[in-house]
Amino acid sequence: MDKISNSQDEAGALRNVESFVLEKLLSQHALEDDTSSVNIKELMDSVDDSVSPLFDQAIEDLIAQSLIHCEDGENFQITHDGINELENRKKESIPL
């Protein structure tokens with residue numbers, strides 16, 4: 001039972017880190033144009049130390065899902081799918 005609970009906790013924490021990254025990239029996207037990007041170091045500096053072990057996994061998952069884009073390995077952009085996903089996540093978290 002503890003393994004299931006821990007697995008669910010990790011999945012929830014990973015989802016939170018992913019959402020944080022999407023939020024950060026969306027805020028930069030809103031400030032500039034479609035070509036705006038955020039440097040990986042800036043993203044890493046803005047996450048809490050307690051979730052930083054999940055940061056790399058979150059970035060990999062977001063890229064694999066085509067929610068963020070990175071051409072040079074350092075500068076990330078949110079995709080239109082990423083914007084839609086973030087909007088869906090926000091809707092899911094609203095209690096009825």
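Guide: Buried means under 20% relative accessible area, exposed means over 50%, and partly exposed is in between, with a 1.4 Å probe and protein chains only. The model is predicted, so to speak of local features takes pLDDT of at least 70 and side-chain atom pairs count only at pLDDT 80 or more, while totals for chains, interfaces and linings use all residues. Residues are numbered from 1 along each chain as its sequence is written, and side-chain values use heavy atoms, with hydrogens and water left out.

Visitor: Fine. Where is serine 66, and is it buried, partly exposed or exposed?

Guide: Serine 66 is in the loop between H3 and E2. Its relative accessibility is 41%, so it counts as partly exposed. Its phi is near 60 degrees, a positive value in a residue other than glycine.

Visitor: Back up a bit. How many helices and strands are there?

Guide: The protein chain has 4 helices and 3 strands, in the order α-β-α-α-β-β-α along the sequence. Helices (H or I, at least four residues) and strands (E, at least two) are DSSP runs, numbered from the N terminus.

Visitor: How do the strands pair?

Guide: They form an open sheet of 3 strands in the order E1-E3-E2, with antiparallel pairing. Strands E1 (38–39) and E2 (68–70) are the edges, each pairing on one side only. Two strands pair if DSSP finds at least two bridges between them. E1 and E3 have 2 bridges, and E2 and E3 have 3.

Visitor: Which residues stand opposite each other?

Guide: Asparagine 39 is opposite asparagine 75 in E3, and cysteine 70 is opposite phenylalanine 76 in E3. Isoleucine 68 has isoleucine 78 of E3 as its bridge partner. The hairpin of E2 and E3 has 4 residues between the strands, and there glycine 73 has a positive phi near 80 degrees.

Visitor: Now the core. Which residues touch the most other members?

Guide: The largest nonpolar core has 19 residues, and Leu25, Leu43, Phe55 and Ile59 touch the most other members. H1, H2 (40–45), H3 (52–64), E3 (75–78) and H4 (80–92) each supply at least two residues of this core, and H1 gives the largest share, 5 residues. Such a core is a set of buried Ala, Val, Leu, Ile, Met, Phe, Trp, Tyr and Cys residues joined through side-chain atoms within 4.5 Å.

Visitor: What does isoleucine 59 touch?

Guide: Leaving out residues up to four places away in sequence, isoleucine 59 touches Val21, Ile40, Leu43, Ile68 and Phe76. Contact means heavy atoms within 4.5 Å.

Visitor: Glutamine 28: buried or exposed?

Guide: Buried, because its relative accessibility is 16%. Glutamine 28 is found in helix H1 (residues 2–31) and touches Ser36, Ser37 and Val38, not counting residues up to four places away in sequence.

Visitor: Last helix. What span does H4 reach?

Guide: H4 has 13 residues and reaches 19 Å from its first C-alpha to its last, close to the 18 Å expected at 1.5 Å a residue. The expected span is 1.5 Å times one less than the number of residues.

Visitor: Which H4 residues are buried?

Guide: Gly82, Ile83, Leu86 and Arg89. They cover an arc of only 125 degrees around the axis, so they are on the same side of H4; the arc is that of the directions from the helix axis to the C-beta atoms. The face turned away from the buried side carries the exposed residues His80, Lys91 and Glu92.

Visitor: And over the whole chain, what share is buried?

Guide: Buried residues make up 27% of the 96 residues.
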